[in-house]
Amino acid sequence: MTAATRNDAGDLLTAVRRRWEPALLRAVNTLPNAMQHVAGYHLGWWDEDGAPAGATGGKAIRPALTLLTAASIEGRIDSGADPVTAAVPAAVAVELVHNFSLLHDDVMDNDLTRRHRPTTWAVFGVGPAILAGDALLSLAMDVLAASDHPASAPAVRMLSSTVQALVDGQIADLAFERRTDVTLTECLRMAEAKTGALLGCACALGALLGGGSELQVQEMGRFGCQLGLAFQLIDDLLGIWGDPETTGKPVRNDLRCRKKSLPVVAALTSETAAAAKLRTLYFDDAVLSEDELARAADLVEEAGGRAWCQQRADSLLAGALQRLDRIGEGATRDLRAIAELIGRRDH
């Protein structure tokens, strides 16, 4: 992807944000004051004292996918609303669910930094961060249920089922921390549940509330799932080799936490000499020094973990784009731009 294309996709995300973010703000403002404060900090709207912070709360890929999917479907909405407007509650709901998961993930992973500033639990404490995540999850379901869309009931069931998959993926991720025999198949399955499921749901909900047919909803869901797994593969690469100035997290953070990320598991299961050295280093209980972290990153690359992840991400992105081509051309141009941004991002 060229720099110009990345800029175009960034402008597209900014434009789409204007359609759903006001509704997100209205929804969060219905929370109790204490929860508004904690959630607003996490979302980047204000600092720990409640003063405006001017942050954006991330790229917000998921709600963008929801609205762009609705626009690409061009279905007929019984209420008379245009497809994008009709899908705004779904966009808000998936963004709320995503941030619920981030709040809980940061606590479980003991992460101290997100989006270039202290994580919510590090500022307000573990309890308030967990409760804020719970509040956002409940709010997500309420936003969907309260919409007057004729498909609101199946939309709530779809999102609820997705949350169950997401939680199942997180449980697996936590279990991997205690194991030394995680397989690549298990790791991929975990990533599909933890990340792929919500991106798939974001696209399926956009198709559903945009008035799409059952087949279109299914196809868009599959497109999103493929894209989500590609997203996780790239995210795991950035967790080791990403620039902290752009990722907002310390360099080699995933190695420091000894996460069983996809490049690490691909390397550990490669049956190479580098894999054996990595196992010795990675499964030692001692805190890894900066030199050891650099050595671990080199071993992951030497064992083929970095190349495997990039190749798999490229393959998944190509497959997702081919699926878009089968759905229809022209109207899916913006979806293609976001998909390519996800697959080629370097931060």
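Which side chains meet in a salt bridge with R179 and D181 as partners, and at what N to O distance? The side chains of R179 and D181 themselves form this salt bridge, at 2.9 Å from N to O. The structure is a predicted model, in which local features need pLDDT of at least 70 and side-chain atom pairs count only at pLDDT 80 or more, while totals for chains, interfaces and linings use all residues. Residues are numbered from 1 along each chain as its sequence is written, and side-chain values use heavy atoms, without hydrogens and water.

**Salt bridges**

- A salt bridge is a side-chain nitrogen of Lys or Arg within 4 Å of a carboxyl oxygen of Asp or Glu.
- The whole structure holds 14 salt bridges.
- R179 also pairs with E186 in a salt bridge (2.9 Å, N to O).
- R179 counts as partly exposed because its relative accessibility is 25%; buried means under 20% relative accessible area, exposed over 50%, and partly exposed in between (1.4 Å probe, protein chains only).
- E186, with a relative accessible area of 23%, is likewise partly exposed.
- D109, D173, K194 and K259 are joined in a network of salt bridges.

**A pair in helix α9**

- E219 and R222 form a salt bridge of 2.8 Å, N to O.
- These two residues are 3 apart in helix α9 (residues 214–241), so about one helical turn separates E219 and R222; helices are DSSP runs (H or I, at least four residues), numbered from the N terminus.
- E219 is buried at 17% relative accessibility, whereas R222 is partly exposed at 39%.
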